[in-house]
Amino acid sequence: MTIDIAAERRFWAPTLETQSRAEWRALQLDLLKRHLAHAEAGSPYYRAAFRAAGVSAESVRSLDDLRRFPFLDKRTLRERQQAVPLLGDIAAVPESEVVYVSASSGSTGVPTLSPFTAQDFDDWMDYEARQFWSSGLRPTDRYCHSLNFSLFVGGPCVLGAQKLGALSIHAGTVPSERLLTILRQFQATAIWTTPSYAWYLGETARKEGIDPARDLAVKRIFVAGEPGGSIPETRARIESLWGASVYDYYGLSDIFGSCAGMCEEKNGLHWAEDHILTEVLDPVTHEPVREGERGELVLTTLKKRARPLIRFRTGDIVSFTTEPCRCGRTSQRLLGVHGRLDDMLIIRGVNLFPSDVEALVRQDEDFTGEYRLVVTRDHHLDSLTVEAERREGCAVPVEDLAARLTRRLKAVTGVGARVEILAAGALPRATHKAKRVEDRRDTVWA
Ligand SMILES: [Zn+2]
């Protein structure tokens, strides 16, 4: 009975999710004022940083006033944490109020810790449940979670599925063969993974004689961690391999396991606007870009009490829209993470992201979909080589394939690249995040 009623419910939080844009802005301003005041009162770092910038929480009258506040970046998070162990002086509550920490997989050594109070944790799980609900997960589903709790911010998201009422299978990180056995035994209907791993797992299944679309019950795949889930060609390939629907999620180790996700319309990712305020800024001038244009995502938490993040530079290049979504939700939608500021290649003056190349390689059936970009510098000029694998059994001559991809790359990205066609299986397969760029330039400037 309860399940039937729940299955008919369209929204997890109907009033919030369908409010007008003006109501969203008013809610954000109200939350922002209180959150800035909390940061100022509880965190010695923010108190000093706000004073140095000549700003204060009580001077905020509009959302635009936030632009007067100083930026925060990953390096500062790390430095303050090391200066004041354990949690750093950006934290705004005493450690006794902290009940959970996750750690980011920092590529530069010391991981940064992200603390949660009990309320923060509850808010987070409620949000994850809301997001899973928007992607069609229901209490009748069996959700298999193959991430673990060991400090990884994606781990606890399984509790969001549990809160929603789905049967949640905590598989943990297990070898692919074992995971396939679990999926088959439990007839799991939903999983969460990276796009690369979804592809790898599906291919592994086939090698083992399992047809994911026929022998498994997976109908929904939530993906995060790489841009692939928002590239229609990549999504379509995973969907046809699995006979399932793929939903892209965007998470940030310093805030939530996922901060945005696709609804069933799959037209952008609905953003957690009651938890996180966004700015999209030109990476060079730091001025806001127009809606729909690409820029660096800068985030301000609105509720997370343990460690507020005020104007945190993510380094992710994104774009957003506030156009109404057919699902009826009114939150702004992330149109895609086009790449990392760090991954942005500038090839002879043209900005290029690996995801641009991915779309081209994946929409062509004569390729396997695996690719790599190699950047070299010859005679002071950068040059790009795109390596792509020819699908087994493809009858098109190598030279013709290379010429075709070269032409399309030039037409779509404006970059002239050398294309090298490899045999199927020649490139290393990723089990987690795929390394798509090999930069062989001695020095890189941007
Ligand atoms: Zn929607």
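This is a short talk on the fold of one protein chain, from its overall form down to single residues.

First, the ground rules. This is a predicted model, where local features need pLDDT of at least 70, side-chain atom pairs count only at pLDDT 80 or more, and totals for chains, interfaces and linings use all residues. Residues are numbered from 1 along each chain as its sequence is written.

Start with the whole chain. The protein chain has 13 helices and 19 strands. Those are DSSP runs, numbered from the N terminus: H or I of at least four residues for helices, E of at least two for strands. Along its principal axes, the C-alpha trace spans about 70 × 65 × 40 Å.

How much of the chain is buried? Buried residues make up 43% of the 446. Buried means 20 or more other C-beta atoms within 10 Å of the residue's own, exposed means 12 or fewer, and partly exposed is in between, with C-beta atoms placed from the backbone.

Next, the domains. Domain 1 covers 1–341 and domain 2 covers 345–439. These bounds come from an automatic or database domain assignment. The C-alpha centres of the two domains lie 30 Å apart. Across the boundary, 15 residues of domain 1 are in contact with 14 residues of domain 2. Contact means that the C-beta atoms, placed from the backbone, lie within 7 Å. On the domain 1 side, α9 (195–207), α11 (232–242) and β13 (333–340) each give two or more residues. That side divides into five nonpolar, seven polar and three charged residues. Here Ala, Val, Leu, Ile, Met, Phe, Trp, Tyr, Cys and Pro count as nonpolar, Asp, Glu, Lys and Arg as charged, and the others, Gly among them, as polar.

Now a sheet. Four strands form an open sheet in the order β18-β17-β16-β19, with mixed pairing. Two strands pair if DSSP finds at least two bridges between them. β16 (367–378) and β19 pair in the parallel sense over three bridges. There, V374 stands opposite E438. Helix α13 (398–413) lies across β17 (381–390) and β18, at about 140° to β18. Axes are lines fitted to C-alpha atoms, for helices over the stretch in contact, and angles run from 0 to 180 degrees between N-to-C directions.

D366 lies in the loop between α12 (354–362) and β16. D366 counts as partly exposed because it has 18 C-beta neighbours inside 10 Å. Beyond its neighbours within four places in sequence, D366 is in contact with R390, R391, C394, V396 and L401.

Last stop, strand β5 (190–193). A190 and W192 point one way, I191 and T193 the other, and all are buried. Three bridges join β5 to β3 (142–145), running parallel. Four bridges join β5 to β6 (220–223), also parallel. W192 takes part on both sides: H145 stands opposite W192, and F222 in β6 is its bridge partner.

Key: Two residues are in contact if their C-beta atoms, placed from the backbone, lie within 7 Å.
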